Amino acid sequence: MSYKVSIAKNEGMLSADIQRSGAVVFEEFDLYAVIGDFFEIRAVEGALENHHEKRVSFNLQEHIFTKMPSKQKQHHYFYYQEEMYPDIQLAFRFAKRYLSRINSSAHPSKMENAFSNILKRYHVDIHIQLNGFLTNNHADSSACYTCTKISDVIAAILHYYMVNDFKLIKCEHCNRYFAASTRKAKYCPRLSPYIDAFSQKPVKARRKCEQTVRNAMQQLSRKRYRFEPEPTDKEYGEFAQACEEYVNLLNQKHSIANLTAYNEYLESRKRRRKKENR
């Protein structure tokens with residue numbers, strides 16, 4: 001099977017798609033999140049179905065690059081995974097090796113040489129056609145990669161990151177890798193998995209990580225002052241100290257775990273208050 005990966009920048013906006021051999025349609029994907037999402041398909045080590053050996057397995061259907069073509073029936077999935085396994089392993093080794101290089105401050109020429117060496121070492125074979133962005137990073141541009149296997153596709157995306165000086169960093173909220181043009185970026189473009197388990201309002205739609213963090217912090221702030229004891233209450237000092245500790249943790253990292261922990265503490269205060277008022 002062959003793949004054609006196309007990336008275009010138009011008026012500062014990036015778009016990307018992939019087309020499999022024999023397919024008429026192009027499948028769009030998020031260029032910034034696609035490598036981070038690829039890392040997520042690795043499952044824990046264990047025995048594969050109908051396979052006596054213990055080894056790392058991959059949730060291939062969870063990623064746009066590796067999912068089984070729709071025309072193949074589901075009961076063929078095991079054989080599809082067996083066929084893909086060696087190349088997916090190779091793609092992981094390649095991507096992890098590159099990950100240690102992409103965030104360095106090395107000169108672009110050194111980065112390109114290092115990338116070429118990695119390509120050779122892992123037998124990656126891609127045909128690259130670039131237009132525009134090598135001479136002017138602000139101009140409209142396009143890139144087209146012709147690939148023969150998944151490891152080539154992963155290499156194509158990483159090559160685009162390298163040429164455009166993208167860094168691979170972890171989202172401060174969901175802790176998943178994403179590509180960004182600056183190390184100062186904090187949040188990825190994904191929809192946040194965070195849910196306020198104590199909210200009485202129905203969840204209308206999930207929001208992106210950054211917006212979720214803003215909304216959650218506002219809600220937690222309002223909740224804190226709603227459940228705060230009176231200054232003359234003997235529990236006031238303990239409550240204020242606990243809240244400050246949670247806020248300090250959140251100032252360091254607005255992770256899902258930190259948001260959830262602070263929310264659960266405030267809700268425990270709410271339950272205690274209800275008991276006291278009975």
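**Ground rules.** I number residues from 1 along each chain as its sequence is written, and side-chain values use heavy atoms, with hydrogens and water left out. As the model is a prediction, local features need pLDDT of at least 70 and side-chain atom pairs count only at pLDDT 80 or more, while totals for chains, interfaces and linings use all residues. Helices (H or I, at least four residues) and strands (E, at least two) are DSSP runs, numbered from the N terminus.

**Sheet.** I looked up the strand order first. Five strands make an open, antiparallel sheet, ordered β3-β2-β1-β7-β6; two strands pair if DSSP finds at least two bridges between them. β3 (27-28) and β6 sit at the edges with a single partner strand each, so one side of each has no neighbour in the sheet. β2 (residues 13-20) pairs with β3 over 2 bridges, and Asp 17 has Glu 28 in β3 as its bridge partner. Helix α4 (residues 150-163) packs on this sheet and touches β1, β2, β6 and β7; contact means heavy atoms within 4.5 Å.

Then I checked β7 (residues 141-147). I found 5 of its 7 residues buried, that is, under 20% relative accessible area with a 1.4 Å probe, protein chains only. β7 pairs with β1 (residues 3-10) over 7 bridges, and Val 5 stands opposite Tyr 145.

**Helix pair.** I went to α5 (residues 209-227) and α6 (residues 236-252) next. Their axes come within 12 Å and cross at roughly 175°; axes are lines fitted to C-alpha atoms, for helices over the stretch in contact, and angles run from 0 to 180 degrees between N-to-C directions. The two helices are therefore roughly antiparallel, a label for angles over 145 degrees. In α5, the contact residues include Met 217 and Phe 227; in α6, they include Phe 239 and Leu 250.

**Aromatics.** I counted 12 aromatic pairs, taking rings of Phe, Tyr and Trp (its six-membered ring) with centres within 6.5 Å; planes under 30 degrees apart are stacked, over 60 edge-to-face and the rest tilted. Phe 29 and Phe 65 are edge-to-face, at 5.1 Å centre to centre and 80° between the planes. This pair links loops, with its residues 36 apart in the chain. Phe 65 is buried at 0% relative accessibility. Phe 58 and Tyr 85 are tilted, at 5.7 Å and 55°. Phe 58 is in strand β5 and Tyr 85 in helix α2, so this pair ties together parts 27 residues apart in sequence.

Terms used
Angles under 35 degrees count as roughly parallel, over 145 as roughly antiparallel, 65 to 115 as roughly perpendicular and the rest as oblique. Buried means under 20% relative accessible area, exposed over 50%, partly exposed in between (1.4 Å probe, protein chains only).
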